[in-house]
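I am opening my notebook on a structure that is new to me, and I will write down each thing in the order in which I look it up.

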Amino acid sequence: MSIDPQPPAPSPAARRFNPWHAFKRLTQLGFPPRYPIVQFPNLPLIIAFAAGLASKSLHGADHRYALAIAYLGMTVWAYEELANGVNWFRHLLGLVYVFILVMRVAHAIHG
């Protein structure tokens with residue numbers, strides 16, 4: 001039994017451009033680089049923004065569905081920042097937005 005010291009070379013398919021990996025690398029960019037306060041939006045935030053914009057041009061039930069998707073996307077984003085943020089500022093940002101979402105939903109229910 002011999003052990004091959006070098007890993008096999010990647011196949012041509014593995015060397016191709018992978019858009020998902022490129023997007024994940026893009027979402028890791030932040031400013032300032034040592035202590036990111038501003039970051040490229042991740043997928044839940046992009047979905048929330050798109051649904052929020054779509055809700056402005058829709059009416060009736062479609063408006064409410066788009067708004068619900070926007071709130072859900074923002075909730076997932078806020079939770080991710082609260083649980084997995086890169087620094088204390090991002091954790092605090094997630095906590096503040098969770099609080100804001102709870103207040104907005106409570107106001108909508110009682111409003």
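**Contacts along the chain.** I began with contacts between residues at least 6 apart in sequence, and found that 33% of them join residues at least 24 apart. I note here that the model I am reading is a predicted one.

**Overall layout.** I then went through the secondary structure, which consists of 4 helices and 2 strands, and following the sequence I read the pattern as α-β-β-α-α-α. The chain has 111 residues, and buried residues make up 21% of them.

**The largest nonpolar core.** Which residues make up the largest nonpolar core? I listed 7 residues in all, namely Leu45, Ala48, Met74, Trp77, Ala78, Tyr97 and Leu101. At least two residues of this core come from each of helix H2 (43–57), helix H3 (61–84) and helix H4 (88–110), and the largest share, 3 residues, is supplied by H3. I looked up Met74 separately and, leaving aside its neighbours within four places in sequence, I found Met74 in contact with Leu45, Ala48, Tyr97 and Leu101.

**Aromatic rings.** I next turned to the aromatic pairs, of which the structure holds 4. One of them is formed by Trp20 and Phe23, a tilted pair at 5.6 Å centre to centre with 35° between the planes. Both residues lie in helix H1 (residues 19–27), where Trp20 and Phe23 are 3 residues apart, about one turn of the helix.

Is Phe23 buried or exposed? Phe23 has a relative accessibility of 18% and therefore counts as buried, because the limit for buried is under 20%. Trp20, in contrast, is partly exposed, with a relative accessible area of 46%.

Why is the pair of Phe23 and Phe40 edge-to-face? I noted that the ring centres are 6.5 Å apart and that the planes stand at 75°, so the pair of Phe23 and Phe40 counts as edge-to-face, the cut-off being over 60 degrees. This pair links distant parts of the chain, since Phe23 is in helix H1 while Phe40 is in the loop between E2 and H2, 17 residues apart. Phe40 has a relative accessibility of 36% and so counts as partly exposed. Taking the ring pairs together, I recorded that Trp20, Phe23 and Phe40 are linked into a cluster.

**Gln39.** I looked next at Gln39, which is found in strand E2 (residues 38–39). The side chain of Gln39 makes a polar contact with the side chain of Arg90, at 3.2 Å. Leaving aside neighbours within four places in sequence, I listed Thr27, Gln28, Leu29, Gly30, Glu81, Val86 and Arg90 as the residues in contact with Gln39.

**Ser55.** My last entry concerns Ser55, which lies in helix H2. Ser55 counts as buried because its relative accessibility is 4%, and the limit is under 20%. Which residues does Ser55 touch, not counting residues up to four places away in sequence? I found His63, Ala66 and Leu67.

Key
Residues are numbered from 1 along each chain as its sequence is written. This is a predicted model: local features need pLDDT of at least 70, side-chain atom pairs count only at pLDDT 80 or more; totals for chains, interfaces and linings use all residues. Side-chain values use heavy atoms; hydrogens and water are left out. A nonpolar core is a set of buried Ala, Val, Leu, Ile, Met, Phe, Trp, Tyr and Cys residues joined through side-chain atoms within 4.5 Å. Buried means under 20% relative accessible area, exposed over 50%, partly exposed in between (1.4 Å probe, protein chains only). Contact means heavy atoms within 4.5 Å. A polar contact is a pair of N or O atoms within 3.5 Å; within protein, one must be able to donate a hydrogen and the other to accept it, and residues adjacent in sequence count only if both atoms are side-chain atoms. Rings of Phe, Tyr and Trp (its six-membered ring) pair if their centres lie within 6.5 Å; planes under 30 degrees apart count as stacked, over 60 as edge-to-face and the rest as tilted.
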